[in-house]
Amino acid sequence: MNAGRWRSFGRSCGQNYGWINLVGLMLVYGSLCGNITYAYGVFLPAMSEHFHWSRSALSGPYTLFFIIGGLLGPAAGTAISRFGARRNIIFCNLLAVAGLFGMSKVTTVWHLYIWFGLIIGVVIAFGEFIPVTSVINNWYVRKRSVAMGLLFAAGGMGGFVMPPVIGALIGAHGWQQAWAWLAGFHLVLAVAAGGLIIRNHPGDVGLEVDGRRPSAPVDDALQLPELLLSSTEIDYTVRQALRSPALWMIVALFSIILFATNILGTHQVAYLQDLGFSPIGSAAALGTMLGCSIIGRLLCGVLGMRYDGRRLAAAFLTGMGLGMLCLMWARSILFIYAYSILTGIGFGGMIVLMPQLLSHYFGRANYARILGWTIPVVTLVSAAGPVLAGALYDATGKYDIPLAITVAAIAAGIAICARMPARSDNHLKPKHLPAMP
């Protein structure tokens, strides 16, 4: 369908096309999380048994995938600003299909580093978090938090649904065929369906921000402050944003969240088993935390329409901190599930808040490039979490110190929320920019 027909179709859909566009983004993001991010660990035992490879050898490609996905952030932000998010999404998810299919043909360890570590790492950098959140920022201002909540809920659903599906495929057809099936799923959901629907800007289909028709009258007087906010949004350059203390506060919050969750994702099951809980119960606690994160993502989307993001961040971080204390003092299964619920909801809410805070403070025009320059810092800090926890466990034989460090980091995050300036503060924005109303 050419551009003229898309504009006609968009006008016929009216405000609804913004939500149709969101469905396309949810298909892409949910597929990437379910078919890639949360899938690799499901294949690890079967591939280890088949090839007699060590778990550490199989963990290397995933580490490379994680690092490449983060360190290429500045290049990804520049590419998205230059070529548009949609092109990056379609091309990179086609590349993901090739990488997933290649995983079905591996015979040596270095194949894993090429197909998953390198190729899928590039996909994550250029085709996942940065472009999909960029499109949402282009489309929404008033309802941005709801859209972000639904987007990240789709990622949580992908992580919740696909691991058991993959496990069933491996059991029925073997791990090689399961990788090939994933490649097919990804081609249909992320490339064909998602790529067809997604449009970079509402103007591509003849609409304005929040799905409004051009020059549409404001029927509800209550919408006036929100529309005023839309029209006065400040767009920072990358250099201006990098000089702003608020940006580095947001980066610190994002780093703390991923530092904590990477430690938990890597060591939580082992810690609970050390306390005497069964392997099944320990794994179920991790699944419960991921499931509860969906609640947190949706809850943040709704609350973000009404409450200041800094206060919401403090509340979600407090929930995470209380959950971590329950984990440290766990002496019964009730403490474990209290931890899973509190930490899961807190983590889910914070994941939604991070891109929302970034666009709230620094605007939409250079969002992808600004986010791209922050991702490497977040990646390096968060990647250090599991390594630090493992080293401290090896030195002491316990997880007490890593968990205490995690609680302290979360407490520091709450303090950062209290110190974070309002968007209209004079020391936040460059002096030559217009004052906010």
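Which helix holds the place of Thr343? Select Thr343 and you are in helix H16; helices here are DSSP runs of H or I with at least four residues, strands are runs of E with at least two, and both are numbered from the N terminus.

**Before going further**

This is a predicted model, in which local features need pLDDT of at least 70 and side-chain atom pairs count only at pLDDT 80 or more, while totals for chains, interfaces and linings use all residues. Residues are numbered from 1 along each chain as its sequence is written, and side-chain values use heavy atoms, with hydrogens and water left out.

**The whole chain**

Show the protein chain as a cartoon: 18 helices and 0 strands. Of its 437 residues, 54% are buried, where buried means under 20% relative accessible area, exposed over 50%, and partly exposed in between (1.4 Å probe, protein chains only). Contacts are heavy atoms within 4.5 Å. Among contacts in the chain with a separation of 6 or more, 82% join residues 24 or more positions apart.

Now colour by pLDDT, the predictor's confidence in each residue, from 0 to 100. The chain averages 84, and 86% of the residues score at least 70. Confidence is highest in helix H6 (residues 85-103), at a mean of 95, and lowest in helix H11 (residues 224-231), at 42. Select residues 218-232: pLDDT stays under 50 there, and the model has 12 contacts for this stretch beyond four places in sequence. Residues 425-437 also have a pLDDT below 50, with 28 contacts in the model beyond near neighbours in sequence. Where pLDDT is low, the predicted coordinates should not be read in detail.

**Back to Thr343**

Return to Thr343, which counts as buried because its relative accessible area is 0%. Leaving out residues up to four places away in sequence, Thr343 touches Leu264, Met289, Gly319, Met320, Gly323 and Met324.

**Leu182**

Next, select Leu182 in helix H10 (residues 175-197). Leu182 also counts as buried, because its relative accessibility is 0%. Apart from neighbours within four places in sequence, its contacts are Asn35, Ala39, Phe43, Leu100, Met162 and Ile166. Draw a distance from the C-alpha atom of Leu182 to that of Phe101: the two are separated by 7.8 Å, though the residues are 81 apart along the chain.

**The largest pocket**

On a 1 Å grid over the protein atoms alone, a cavity is a set of points where a 1.4 Å probe fits but cannot get out; a pocket is an open set with protein on both sides within 12 Å along at least five of seven lines; lining residues have an atom within 4 Å of a point. Grid points are joined across faces, edges and corners, and a volume is the space filled by probe spheres set on the points.

The largest pocket has a volume of about 2000 Å³. Of its 48 lining residues, Thr37, Tyr38, Tyr62, Phe66 and Asn262 are the closest to its centre. Helix H4 (residues 55-71) gives the largest share of the lining, 9 residues. By class, the lining has 30 nonpolar, 15 polar and 3 charged residues (nonpolar: Ala, Val, Leu, Ile, Met, Phe, Trp, Tyr, Cys and Pro; charged: Asp, Glu, Lys and Arg; polar: the others, Gly among them).

**The cavities**

There are 5 cavities of 30 Å³ or more. The largest cavity holds about 70 Å³ of space. To find it, select Phe129, Ile250, Val251, Phe254, Met354, Pro355, Leu358, Leu371, Thr374 and Val378, which line it. Helix H13 (245-274), helix H16 (333-362) and helix H17 (367-396) are the elements that give two or more residues to this lining. The lining has 9 nonpolar, 1 polar and no charged residues.

The second largest cavity holds about 50 Å³. Its lining is Ile263, Leu264, His267, Gln268, Tyr271, Leu327, Tyr399 and Leu403. H13 gives the most to this lining, with 5 residues. Leu264, one of these lining residues, is also in contact with Thr343.

**Two last stops**

Select Arg310 and Asp308. Their side chains meet in a salt bridge (3.0 Å, N to O), defined as a side-chain nitrogen of Lys or Arg within 4 Å of a carboxyl oxygen of Asp or Glu. The structure holds 1 salt bridge. Both residues count as partly exposed, Arg310 at 23% relative accessibility and Asp308 at 33%.

Finish at His52, in the loop between helix H3 (40-51) and H4. His52 has a positive phi of about 60° although it is not a glycine. Most residues other than glycine have a negative phi. His52 is exposed, with a relative accessible area of 71%.
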